[in-house]
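The points are meant to be read beside the coordinates.

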Amino acid sequence: MLASVAAELQTAGSHNVVIAPAGGEGWLARELSGTGVQVELYRLDRPFSPAFAKWLTGIFRRHRITLAHSHEFTMAVYGAWAARGAGAAHLFTMHGSRYYAGRLRRRMALRVACLFSSSVVSVSRNLAHHLAHDLWIRPSRIVTIPNGVRPPPAPSPVAIPSSLRDELGLASTDQLVVAVGNLYPVKGHRYLLEALAQLTAQHPGLHVAIAGRGELEEQLRSRARDLHVSDRFHLLGLRSDIGNVLAGSDVFVLPSLSEGVPLALLEAMLAGRPVVATAVGDVPIVLDGGRAGLLVPAEDVTALANALSTMLNNSALARRLAMAAQTRATERYTLDAMMEAYLALYAKALRNHPHNARTEGVRERERQPFPDDRPPGKRALVG
């Protein structure tokens, strides 16, 4: 989401700086390569670090940041701190679960960040409700902007088949269920693995593939061996070709225990894949109450297995739900729709900020309010 927003803003003519953690796999920097977006890497060695806040303030000043857009708890707190010190406007987006609410000091820190930010954004209605309750702020202070993804390119006259099935050595009669998400407990992949084991007798050619990496890799592989499904359980690692992965699937599955509006789900819907998903967060809203995909309770292996079996056995149902999902995602969850909502918030933040946004070339209600002809040296946006 961050990469998409930064690249869109850069194309629209603004100068963008993405501040990301060092020591990772470098995916974000690779994704932004060639876009013109600058990337600054940071290291945060302890939860509370005035030194990091000072460093971040210096980065904002050096790049002459006008507007900072932070994501998730840590950067929401430090971003608000640094933006205040650097004289920049600030807003932040919360994407996931209520992990921030486990400790009172975290809730207090995030509440202070709210007070020093022009807007607080939640990607789902469910999370917005929790934020208002947990942080003791008015619900009207929180704006809900669902995630959006770029629609896949129109199919060419000569369709290129997915390479995933050949990569996995599947036969033409084999069925493939795909999940996309890092291998963390909250993603519920162990329930998907248990469901696969339940389905082996009824679907002897069924395979499950997960695109993602994380701490549970060895644990999942060990459990697959115990269940005697290692030959049909595939961990793909971190993939940059999610479109190719989805194109090779018969069904997309989201077995998560908690979500907001997951990008992987939206990508699968836009790609026209039939969806089976747990009814968590705003997933039921995204899937139109089950009219655009099959919904099951979280942590319910039998329900998940039954839903997957239904989708695999009923090709007419799968096609109907896939078409409904694609239509709904195209109408409500595109990158353009998300960008329009954020651009309105950016314009509001800059207009109400002491710097007087109008002198920075921001024009409310325009699709691209950060024009290409801005003179060199104008202040920047940061993600």
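1. In the class counts used throughout, Ala, Val, Leu, Ile, Met, Phe, Trp, Tyr, Cys and Pro count as nonpolar, Asp, Glu, Lys and Arg as charged, and the others, Gly among them, as polar. On that scheme, the lining of the second largest pocket has eight nonpolar, one polar and three charged residues.

2. The model is predicted, with local features needing pLDDT of at least 70 and side-chain atom pairs counting only at pLDDT 80 or more, while totals for chains, interfaces and linings use all residues. Residues are numbered from 1 along each chain as its sequence is written, and side-chain values use heavy atoms, leaving out hydrogens and water.

3. The second largest pocket has a volume of about 330 Å³, the volume being the space filled by probe spheres set on grid points that are joined across faces, edges and corners. A pocket here is an open set of points, on a 1 Å grid over the protein atoms alone, where a 1.4 Å probe fits, with protein on both sides within 12 Å along at least five of seven lines; lining residues have an atom within 4 Å of a point. Among the lining residues are Leu 44, Pro 47, Phe 48, Trp 81 and Arg 103.

4. Helix H4 (72-86) and helix H5 (104-115) each supply at least two residues of this lining, and H4 gives the most, with five residues. Helices are DSSP runs (H or I, at least four residues) numbered from the N terminus.

5. The axes of H4 and H5 come within 9 Å and cross at roughly 50°, where axes are lines fitted to C-alpha atoms over the stretch in contact and angles run from 0 to 180 degrees between N-to-C directions. H4 is therefore oblique to H5 (under 35 degrees counts as roughly parallel, over 145 as roughly antiparallel, 65 to 115 as roughly perpendicular and the rest as oblique). Phe 73, Ala 76, Val 77 and Ala 80 of H4 make the contact (heavy atoms within 4.5 Å) with Arg 106, Ala 109, Leu 110 and Ala 113 of H5. This contact has seven nonpolar, no polar and one charged residues.

6. Helix H8 (residues 189-199) and helix H13 (residues 301-313) have axes that come within 8 Å and cross at roughly 60°, so the two are oblique to each other. Residues of H8 including Tyr 191, Leu 192 and Ala 195 meet a set in H13 that includes Val 301, Leu 304 and Leu 308. By class, that contact has eight nonpolar, three polar and one charged residues.

7. H8 also packs with helix H9 (residues 217-226), at an angle of about 15° and with the axes 10 Å apart, which makes H8 roughly parallel to H9. His 189, Arg 190, Leu 193 and Glu 194 in H8 meet Leu 220, Arg 223 and Ala 224 in H9, a contact with three nonpolar, one polar and three charged residues.
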